[in-house]
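Morning, everyone. Structure on screen, please.

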Amino acid sequence: MRHPKLLTTLGAILCVLAIAEAATSMLEPLPPVTPGTLRIATYNLENYVSADRMTQAGFRKEYPKPEREKAALRKVMRDISADVLVMQEMGPGPYLEELRRDLRAEGLVYPYSALASAADSERHIAILSRRP
């Protein structure tokens with residue numbers, strides 16, 4: 001059985017990693033990474049962006065992701081505690097920065113990030129990383 005969503009996601013991740021590798025190869029050499037475990041996770045955030053949503057008050061156009069859903073996402077991210085977190089359906093840059101800020105306030109610091117654009121101008125692939 002084929003899994004087109006999985007293949008698309010993996011293909012996108014590989015493309016982003018290849019682009020990141022090409023971009024970092026133009027920078028100064030990085031210090032060697034200490035041997036150990038590298039935990040990589042992928043997570044579909046399910047529209048971490050303002051979108052048309054059904055709420056308890058009814059249908060809302062361009063409504064932000066509810067805070068309780070954001071808190072639940074952050075709890076999973078803290079539990080996973082990945083070194084590299086690749087996310088699908090992330091909104092534009094300010095949404096990624098909001099997530100980084102909220103995670104940092106809860107003790108999960110990702111100093112490095114990347115946001116890949118695609119045909120969908122509102123939903124992107126985003127990467128948070130503890131390592132360069």
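Predicted model: local features only at pLDDT ≥ 70, side-chain atom pairs only at ≥ 80, totals over all residues.

Residues are numbered from 1 along each chain as its sequence is written, and side-chain values use heavy atoms, with hydrogens and water left out.

Now the pairing. S5 and strand S6 (residues 124-129) run antiparallel, joined over five bridges. Strands count as paired if DSSP finds at least two bridges between them. Helices (H or I, at least four residues) and strands (E, at least two) are DSSP runs, numbered from the N terminus.

Next, the packing. Helix H2 (residues 67-80) packs on the sheet and touches S1 and strand S4 (84-90). The direction of H2 makes about 180° with that of S1. Helix H3 (residues 93-105) also packs on the sheet, touching S1, S4, S5 and S6. Its direction makes about 155° with that of S5. Contact means heavy atoms within 4.5 Å. Axes are lines fitted to C-alpha atoms, for helices over the stretch in contact; angles run from 0 to 180 degrees between N-to-C directions.

And the sheet itself? It is open, four strands, order S1-S4-S6-S5, with mixed pairing. S1 (40-48) and S5 (112-116) are the edge strands, each pairing on one side only.

Last, the whole protein. Three helices, six strands. The pattern along the sequence is α-β-β-β-α-β-α-β-β.
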